Every structure is written in C-alpha cells, then in structure tokens.
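Hi everyone, thanks for making time.

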Amino acid sequence: MLIAFKLKIALACAAGLAGPLAAVPLVSEHAVGDHASAEQAIVELDPGTVFYRLAGDFTHAGKPAEAPILKLRFDKPLAIMRHQVSSAEYQACVDDGGCRALDRDVVIARDRPAVQVSWHDAQAYASWLSRKSGWTYRLPKDEEWAFAAGSKFVDDGLAVDENDPSKRWIARYDREAGREADTATRAFGSFGINENGLSDLSGNVWEWTATCFVRGVLGDAGQTVKHSSNCGVRVAEGAHRAYVTDFIRDARAGGCAAGTPPSKLGFRLVREPQSLTSALVRRISETLSRAAS
C-alpha cells in the first residue's frame, strides 16, 4: 500500500519533474499490460530523404501528364508499425465497442492482418488505440509510407504520349493485369522484410493511407500550379498504388485501380512522438497498473 501511495504521488507530480528523471530511457518497442490489444512492435526510422512521385492524376496544357517526382526530406524520425494491424488486434477494438465488426470470412489471429476494412474502420481503430495506449496513432501519409517502404515502394509512373494518351492506360493495364490475384491472407513475414525492418509491404494486402486523391495541373516547368482534392477517395499502397473510395471494404468490388484491384485492404499505423512529460506520466501509469494487479 505504501508503495502504491508513493507511486500515486509521483504520478500527480510528474508534470513538474525535471533533473535525473529526464535521463530515464524511453522504450520504443513495448506492450500495454495484458490487454488483448497489446501494441505491436514499432520501428523508428531515422531522418532521411525519398524520391516520391505525387499521387493523383495530372494534366499539362489540357492533356494527361506524368505526376511530378519530388525529393522529400524527413527531418524527424518516423515511428511506424512493423507489420499491419492484426485481425486479433482489430477484434479487441470490436469487442470493446470501438470498431465495426470484421466480415465473417476474415481469419482472426495474432499473426494475420486485419483485412476487408474501410478507411473509416482504420481511422476508428487508430482513435481507439490512441485512447487505450496513451500514445497518438494515425494512418501514414502516402509519402511517409513510401519513405518507410524503401525499395518496396513501387513507382507507378508511366510515360505519356500526348498524341495518344490511351497508350498510357493500356500500358498500366498490361502491367497490372499480369499479376496474379492472391486473396488468401498469410502469416506476417510471408512477403519478406525490407531494409528498414518492416514486413509485408508489397504483398497481397494493400494499406490505407491518409492521403486524398488529387487532380493537379502542371506548369511548363513541371510544377503543380493548381490542384483539387477528393477526400472521399484515398490512396492505398501495396504491390501497386490504388485509389479507393473511403467506405469500401472489398476493393475488388469498389477499387479505382486499373488492371488488378487490391486483393485485400488493411493498414498499419504511425505513432506520434510524445513529450517528455507525457512519456513520464505514461510510464508511471503503467507502473501503477502493474502494482495494482
């Protein structure tokens, strides 16, 4: 009881702590108690750069044009889930009343991804996990996903023949239609691990991002001079980039991808950094929970 009382005092005063406690190391890979939705391992990427082709459709002088490629710099570390949210993790949110139920044919297991989820389902899970864990989780932006994917990121750019724009669409169809549709989920790691330590980035599960579909107009120098966003359609990344309506759970019935639409829709999340004070409060709260159990 005395130990618990001292811990409660420490929790109440954590916001004003300084000095030696500031040197306490913060763990980046952890689990939350014995809750069924224990947070999975997080990979923290160091700052770096990525060559990124903008997502969306672009025109120049009224004709289809290739989307620009930008060199983007990430000045801060990026913390992202090692693998997709599992169906068991998502089911914990369902059981707690925070998420819509998965479809009946989804296998519930800790080593299988949650699939047939809409963008709104993914958002609901991120909000629920944030409340449960004390961290802030969110869907990655498309450029963040590309940065984390590294060599697994597929550049979907195709040359544009201004005299015959249809050639571009035919080329895209031929490229994607040649892929075999693999609709069965597999255990995490089945599609390999990239150089950043993330698994299954370009397998048979496409991952929702926070990025909206964009239509842009390019100037003579190739820069975007005008654009409009449609946030009812979001970018999904996987074996190729796809644009999918945000309420769709089965992309084969509602995806906006030429050739082969996404086999399955899932997601992984980015974890926002915490302030030192928030991290200390969180660590003390976890200690209190363990002491009380």
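Opposite A242 in β10 stands A236. This is a predicted model, by the way. The partner strand here is β9, residues 224–237, and four bridges join β9 to β10, with the two running antiparallel. Together they form a hairpin, with four residues between the strands.

Now, which way do the β10 residues point? A242 and V244 go one way, Y243 and T245 go the other, and all of them are buried. That is a pattern you will all know: in a regular strand, side chains alternate between the two faces of the sheet.

D246 is buried, yet it has no salt bridge. How far away is the nearest side chain of opposite charge? That side chain is R234, at 5.1 Å, and the salt-bridge cut-off is 4 Å. What the D246 side chain does have is a polar contact with the side chain of H120, at 3.1 Å. Leaving out residues up to four places away in sequence, D246 touches S118, W119, H120, W208, C231, G232, V233 and R234.

One last stop, please: helix α4, residues 142–149. Seven of its eight residues are buried, so the helix is largely enclosed by the rest of the structure. The buried ones include D142, E144, W145 and F147. And just after α4, have a look at G150, which takes a positive phi of about 60 degrees.

Terms used: Residues are numbered from 1 along each chain as its sequence is written. This is a predicted model: local features need pLDDT of at least 70, side-chain atom pairs count only at pLDDT 80 or more; totals for chains, interfaces and linings use all residues. Side-chain values use heavy atoms; hydrogens and water are left out. Buried means under 20% relative accessible area, exposed over 50%, partly exposed in between (1.4 Å probe, protein chains only). Lys and Arg count as positive and Asp and Glu as negative; His and the chain ends are not counted. A polar contact is a pair of N or O atoms within 3.5 Å; within protein, one must be able to donate a hydrogen and the other to accept it, and residues adjacent in sequence count only if both atoms are side-chain atoms. Contact means heavy atoms within 4.5 Å. Two strands pair if DSSP finds at least two bridges between them.
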